[in-house]
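Hi everyone, thanks for making time. Please have the model open on your screen while I talk.

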Amino acid sequence: MNTTTVDREDLRTLVAETLDLDVAEVTDTADFVNELDVDSLMALEVMVVLERRYAVKLDEKRLAEITSLENAHRLLTEALEKKG
Amino acid sequence: MVSTALTDTITEGTDQGSRIFTRSFPASLEVFDGHYPGFPIVPGVLLVESCAAAVERVLALPGHWAGVRSARFLTPVRPEADVVITVTDKVRENGDVDYKCTVTTEGIPACTVTLTYSEIYVSGAASTGLEVGQGAQVGDIKKILPHRSPILLVDRVDSLVPGESILARKAVSANEPFYRELATTQAFPWSLMMESWCQSAGVLVSTENPNPDVLTGDVMLFGGMRGVEFHRQAYPGDVLTHQASVERMVDGTAVMTGQTFINGDAAMTVGNITLARRPATELTGQ
């Protein structure tokens, strides 16, 4: 198994669960803040949940970059590649 | 006479087939004396407790309230506000039954809560790596937290590593106001065990930046919780030992995780809880 792959559908389910949304609402590009009403508290919670599930450490400075599923996927993939 | 009961004021109605419950939080409620002096808001855990009371009226055979799968607090509820609880649906996962509740206050969403019910309490992991008596000296907890009687639910800090972890305790007593209307053989409410854990976590995140007064400092708000599991109930005479550690802390918002023990047995596991400090003026708009 390639450990550096983040399954996009798994990630979508995880994000939807964390944000208390239907999976269908979390489209690839739906903006977390403007379209899904994610506030700074929820953003931090998403970050912690992602770190726990994928066993990576994400840089707090990049919290603002987690604006959509697509961006979260990219950030996680990068973090996993760095981890090796 | 002020009421100390947590959920006796719930009334039931129906709305298009779904069961709705209304509860009021009169300004005379004793908990407002301490949460917070000069700036009363309903503790988030009491909204959760109210949801549990509503669910337990919906269920024929409730089993045990076994935990909080998730909760998210959206708007603080002020005294005199009515809240409406709608028990929306039921999901089964691994034999557990989940009930999702939505809570509104004056028509605005206040919180969403998903509660887990189970036939039995599942045991929690035993304590690992608790180090008592290490770290910083804390001193008077009232100089760190804004909570006051009857809702100051941390008695002593055993150890604290700033920015990392805390070990604190709370002795449950028949003499506290919540037992005025309860038999001493009844369990300490889960909501108060959660509140007590959160306050311990609050000491940890506030120790380097104390917040004893919400009027000049910040209001400590409950952002949400996830994966809270109940294992063993507490009774008068028990000492709760709370262990909490910081997962993430950014700009006054902290995500914390940990456990509560009674005599070394796990009583509660906290997957994560989000706490936030916000200036009171931000909430009142004044």
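First, some housekeeping. This is a predicted model, where local features need pLDDT of at least 70, side-chain atom pairs count only at pLDDT 80 or more, and totals for chains, interfaces and linings use all residues. Residues are numbered from 1 along each chain as its sequence is written, while chains are lettered from A and ligands numbered from 1 in the order in which they are written.

Let's start with helix 2 of chain B, residues 44-58. Helices (H or I, at least four residues) and strands (E, at least two) are DSSP runs, numbered from the N terminus. Eleven of the 15 residues in helix 2 of chain B are buried, among them B:Leu46 and B:Cys51. Buried means that 20 or more other C-beta atoms, placed from the backbone, lie within 10 Å of the residue's own.

Now find strand 8 of chain B, residues 165-171: five of its seven residues are buried, so the rest of the structure largely encloses it. Which strands does it pair with? Pairing here needs at least two DSSP bridges. B:Ile166 sits opposite B:Ala244 in strand 10 of chain B.

Finally, the contact takes nine residues from chain A and 13 residues from chain B, where contact means C-beta atoms, placed from the backbone, within 7 Å.

Note on methods
Two residues are in contact if their C-beta atoms, placed from the backbone, lie within 7 Å. A residue is buried if 20 or more other C-beta atoms lie within 10 Å of its own, exposed if 12 or fewer, and partly exposed in between; C-beta atoms are placed from the backbone. The expected span of a helix is 1.5 Å times one less than its number of residues.
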